[in-house]
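The sequence and structure come first.

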Amino acid sequence: MKNVIIAEKPSVAQSIAAIVGAEQRKDGYLEGNGYAVTWAFGHLVGLAMPEAYGFAGFRQENLPILPAQFTLIPRQKREGKEYKDDPGVVRQLNIIKGLFEGGDRIIVATDAGREGELIFRYIYHYLGCTKPFVRLWISSLTDKAIREGMGRLQPGGNYDNLYLSAKARSEADWLIGINGSQALSLAAGRGVFSLGRVQTPTLAMICSRYLENRSFTPKKYMQIRITVEKDGIAFHATAEQRYESKTAADNALAEMKACGTFHITELTRREVKEEPPLLYDLTALQRDANTRLDFSADRTLSLAQSLYEKKVLSYPRTGSRYVSEDVFDEIPSRIALLRQHPRFGQYAASLSGAPLNRRSVDGGKVTDHHALIITENLPSGLSKDEQAIYDMVAARLLKAFSAPCIKEVTEIRAAVSNDTAQAKGTVVKSAGWRAVRGEKEDGDDNAPLPHLEQDERLPIQSLEAVERQTKPKPLHTESSLLSAMEYCGREIDDEQLRASIRETGIGTPATRAAVIETLFARGYIRREKKSLVPTDKGMAVYATVKDKKIANVEMTAAWEDALARIESGEADAAAFRRDIEAYTAQIVTELLETKVSVAAPEGEYPCPKCRNSRVLFFPKVVKCADVDCGFTLFRNKGGKELSDKQLAELLTKGRTGVIKGFKSKEGKAFDASLVLRPDFFVGYEFADKKPSKGKSAKKK
């Protein structure tokens with residue numbers, strides 16, 4: 001019997017092959033001991049573009065494009081101006097096809113999650129394979145995890161709903177992305193614009209926060225800061241009253257100074273038990289890494305994936321912050337491993353024999369994978385950034401299973417003249433989990449107070465009027481944006497919808513980083529230090545779509561909830577597809593009726609060839625909106641990039657002024673005007689000469 005194992009990438013295939021004894025290296029796979037272990041390179045197969053369904057170019061009459069049945073094609077690469085099947089991908093697909101046909105059993109070992117399932121199923125269906133398959137479902141790539149997983153392979157049909165959810169997500173993103181992007185580009189008349197099911201609501205979050213921040217008018221006010229001392233310990237209290245003018249603050253300051261007494265009218269002492277944080281899921285790790293290390297979400301995911309493949313971290317694309325009982329049984333040995341850690345070794349040793357905190361233990365809250373934890377393997381040879389991420393996960397594991405931090409919190413209110421002041425102090429009685437990284441790093445803002453009593457009167461040491469001002473919500477960072485994406489369901493106004501999806505966000509832990517990176521790639525946002533700031537292009541898109549369904553966070557969160565229910569078998573994928581198609585049609589209608597603010601500043605220009613349509617401006621060309629007309633002007637002419645203004649002159653006047661710095665084929669520089677010829681190609685015209693009779697510019 002020959003078992004064919006397919007992994008998601010070569011490095012994972014090598015780890016599995018070592019366990020099953022497939023040691024002979026072949027072309028595109030490893031073989032031995034009754035196994036052939038092959039691999040994908042991520043998504044080898046995907047959904048075909050509109051051209052495959054007969055819809056070439058951006059044509060309004062084609063929208064919405066709603067394929068009755070999607071076509072799967074190999075991943076493509078750009079060759080010149082065309083996209084063609086990637087030869088390396090086609091070669092690997094042929095190898096996989098041969099192995100599937102010659103094997104007796106297929107074992108699916110792509111990553112154990114929604115996207116991993118989709119990667120395999122798309123390959124399987126594209127190759128027309130009908131053989132049954134079983135699933136290797138593991139949460140780490142350690143030798144032990146692989147061996148145990150191979151001993152409990154699951155029927156492939158157990159993951160049909162996971163595939164249906166992944167397929168529904170893939171097709172929904174195609175429908176909304178393709179149709180929305182084409183509709184907006186047609187409405188804009190210049191450039192190619194990208195919209196998406198998750199991308200556009202995320203852009204809306206960034207832009208709306210930016211506008212709120214920039215339109216905020218700060219209000220200045222003053223408060224009195226009071227310094228008091230007892231038993232040689234000075235502490236500060238802040239008067240509650242806010243003063244809008246310096247005169248009012250100075251008057252209050254004078255009255256307090258004349259009073260001179262700090263009279264404690266209320267005093268409470270309470271013991272606070274601060275439970276440790278939960279273990280990391282991917283989004284929580286990305287948020288903390290952005291805050292602590294200034295890593296982008298995409299960088300953090302890449303590092304965590306590398307550590308997973310090096311067998312020192314568990315599966316990173318997890319959305320759970322809990323572990324089950326069987327994983328909890330392994331935690332003492334993971335903590336013991338950290339005794340060898342140069343930074344956390346002493347603390348890990350202190351947990352030996354101590355009862356472990358069970359706050360992160362709940363099998364009912366474990367989804368496809370448990371929380372992100374270290375494995376039983378000691379890391380070695382890590383890069384600086386990999387070590388930083390490993391240390392964050394290791395520290396969080398120690399924190400999560402440590403005792404609570406016990407504090408004594410004292411709060412006082414005091415009368416000072418006609419005002420009331422407040423102060424708060426904290427004494428840590430038992431650091432608990434806070435000792436992992438050190439109390440100062442995770443400490444409180446409130447310094448300890450001296451021992452105070454109710455109704456006690458103390459002399460005031462000093463008074464100061466402090467100017468403050470109200471502050472707007474800060475601009476989004478990647479950390480705060482990830483939180484907003486994860487918990488947007490909690491911000492929804494509709495009570496019924498909020499109740500149904502309050503724990504639902506937009507995107508998934510595995511895809512949010514890619515969504516943010518897409519916004520950068522599209523030129524919609526940029527970084528200013530840690531803040532995410534929309535570009536003019538991003539703001540123009542937001543202004544166009546902000547009131548439209550495609551930017552609706554509530555709708556997108558509802559779709560995420562529906563995808564989760566398809567995965568659990570509670571919702572029907574076909575019904576979801578019908579809803580998405582109706583949603584897509586509405587989006588297209590809304591966008592095509594929109595006057596987009598990103599049109600050419602000179603206005604719209606009629607096509608000089610057909611005279612029936614307008615021209616569209618793109619980064620490399622200007623062409624007629626009617627694809628049957630075929631009129632095209634290339635921006636690059638004689639080594640010069642033509643500006644919008646120069647192209648507009650050609651369209652409206654048939655010629656430009658003199659342009660300097662063209663280069664001949666021999667590399668010689670020359671100056672000339674450009675003219676639009678009767679055949680609608682562009683030629684040169686030189687000063688005091690008739691238009692050139694040489695070859696006109698060839699259409700590329």
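## Contacts and overall make-up

Among contacts between residues at least 6 apart in sequence, 70% join residues at least 24 apart. The model is predicted. In it, the protein has 20 helices and 27 strands, and its C-alpha trace spans about 100 × 80 × 55 Å along the principal axes.

Of the 700 residues in the protein, 50% are buried. The exposed surface comes to about 33,100 Å², with carbon and sulfur atoms supplying 48% of it.

## The six-stranded barrel

Six strands, taken in the order β12-β13-β16-β15-β14-β17, close into a barrel with antiparallel pairing. From one strand to the next, the twist averages 35°.

Helix α7 (residues 246–259) lies across β12, β13, β14 (261–274), β15 (405–416), β16 (419–430) and β17 (457–469). Relative to β17, the helix runs at about 175°.

Strand β4 (residues 35–39) is mostly covered, with five of its five residues buried. In a regular strand, side chains alternate between the two faces of the sheet. Both faces of β4 are covered: Y35, V37 and W39 are buried on one side, and A36 and T38 are buried on the other.

Two strands pair with β4. Strand β1 runs parallel to β4 and is joined to it by five bridges; here V4 has A36 as its bridge partner in β4. Strand β3 (residues 29–32) pairs with β4 in the antiparallel sense over four bridges, and G32 stands opposite Y35. The hairpin of β3 and β4 has two residues between the strands, and N33 takes a positive phi near 60° there.

## Residue N3

N3 lies in strand β1 (residues 3–7). Its relative accessibility is 6%, so N3 counts as buried. Leaving aside neighbours within four places in sequence, N3 is in contact with G34, Y35, A36, R105 and I107. With R105, the side chain of N3 makes a polar contact, side chain to side chain, at 2.8 Å.

## Salt bridges

Side chains of opposite charge can pair when their charged atoms come close. The count of salt bridges in this protein comes to 38. One of them joins K230 and E456, at 2.8 Å from N to O. This pair links distant parts of the chain, 226 residues apart: K230 is in strand β12, and E456 is in the loop between β16 and β17. Both K230 and E456 are buried. A further salt bridge joins R334 and E376, at 3.5 Å from N to O. This pair also links distant parts of the chain, with R334 in helix α11 (residues 331–337) and E376 in the loop between α12 (345–350) and α13 (384–400), 42 residues apart. R334 counts as buried because its relative accessibility is 8%, whereas E376, at 29%, counts as partly exposed.

E61 forms a salt bridge with R59, and their closest N and O atoms are 2.8 Å apart. E61 is exposed because its relative accessible area is 56%, over the 50% cut-off. Elsewhere, E115, R169, D173, R197 and E560 are linked in a network of salt bridges.

## The sheet of β25, β26 and β27

Three strands form an open sheet in the order β25-β26-β27, with antiparallel pairing. Its edge strands are β25 (659–663) and β27 (682–685), each of which pairs on one side only. The twist in this sheet averages 65° from one strand to the next.

Strand β26 (residues 669–676) pairs with β27 in the antiparallel sense over four bridges. The bridge partner of S673 in β27 is E685.

Notes:
Residues numbered from 1 in each chain as written. Heavy atoms only, no water. Pairing = 2+ DSSP bridges. Axes fitted to C-alpha atoms, helices over the stretch in contact; angles between N-to-C directions. Contact = heavy atoms within 4.5 Å. Buried < 20%, exposed > 50% of the residue type's maximum accessible area, 1.4 Å probe, protein only. Polar contact = N/O pair within 3.5 Å; in protein donor to acceptor, adjacent residues only side chain to side chain. Areas by Shrake-Rupley, 256 points an atom, 1.4 Å probe, with all protein chains shown as cover. Salt bridge = Lys/Arg side-chain N within 4 Å of Asp/Glu carboxyl O.
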